[in-house]
Amino acid sequence: MILVNTDYISGKELEMLGLVKGSTIQSKNAVKDISQGFKTLVGGELKAYTEMMDEARAIATKRMVEEAERLGADAVVNIRYASSAVMQGAAEVMAYGTAVKFR
């Protein structure tokens, strides 16, 4: 499966199959959430949350690819990511794009 954030793939003629998406809501456990809260007092990267968001993007991407495969797609173009806070310490990540088949 080819994944790109452009609306084309060089040298390929594309047939659009439709929108595909994948999402997940992730949170850290309470202990990590508290420790990250203390980190905000001194500044710096919140590594536990960086890891959480990396994992969430990977899961959302995997689910988007699975949906594209069910449509018989060869690739997903114009991929975008969106995230939003659902509650304190939890975030939704969504990956979406257009499933395409090569002609």
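Me: Which residues touch the most other members of the largest nonpolar core?

Reply: This is a predicted model, in which local features need pLDDT of at least 70 and side-chain atom pairs count only at pLDDT 80 or more, while totals for chains, interfaces and linings use all residues. Residues are numbered from 1 along each chain as its sequence is written, and side-chain values use heavy atoms, with hydrogens and water left out. A nonpolar core is a set of buried Ala, Val, Leu, Ile, Met, Phe, Trp, Tyr and Cys residues joined through side-chain atoms within 4.5 Å, and buried means under 20% relative accessible area, exposed over 50%, partly exposed in between (1.4 Å probe, protein chains only). In the largest core, which has 15 residues, the members touching the most others are V20, M64, A68 and V76.

Me: Which element supplies the largest share of this core?

Reply: Helices (H or I, at least four residues) and strands (E, at least two) are DSSP runs, numbered from the N terminus. At least two core residues come from each of α2 (47–70), β3 (75–87) and β4 (90–102). The largest share, 7 residues, belongs to α2.

Me: In what order do the strands form the open sheet?

Reply: Along the sequence the pattern is β-β-α-α-β-β. Two strands pair if DSSP finds at least two bridges between them. β1 (2–3) and β2 (14–27) are the edge strands, each pairing on one side only, while β3 and β4 run antiparallel and are joined by 10 bridges. The pairing in the sheet is mixed, and the order is β1-β3-β4-β2.

Me: Is V100 buried or exposed?

Reply: V100 is found in strand β4. Contact means heavy atoms within 4.5 Å, and the residues V100 touches include L14, A75 and V77. V77 is 23 residues from V100 along the chain, yet their C-alpha atoms are separated by 7.2 Å. With a relative accessibility of 0%, V100 counts as buried.

Me: Why are R57 and D54 separated by about one helical turn?

Reply: The side chains of R57 and D54 form a salt bridge of 2.5 Å, N to O. R57 is partly exposed at 32% relative accessibility, and D54 is partly exposed with a relative accessible area of 42%. They are about one helical turn apart because their spacing in helix α2 is 3 residues.

Me: Which residues form a nonpolar patch on the surface?

Reply: Patches are made of residues with over 30% relative accessible area and no salt bridge: like charges are joined within 9 Å, nonpolar side chains (Val, Leu, Ile, Met, Phe, Trp, Tyr) within 5 Å. V86, found in strand β3, is partly exposed at 46%. Accessible areas come from the Shrake-Rupley method with a 1.4 Å probe, and for residues only the protein chains shown count as cover. The patch has about 310 Å² of accessible area together, and its residues are I25, V86 and M87.

Notes:
Salt bridge = Lys/Arg side-chain N within 4 Å of Asp/Glu carboxyl O. Lists of a residue's contacts leave out its neighbours within four places in sequence.
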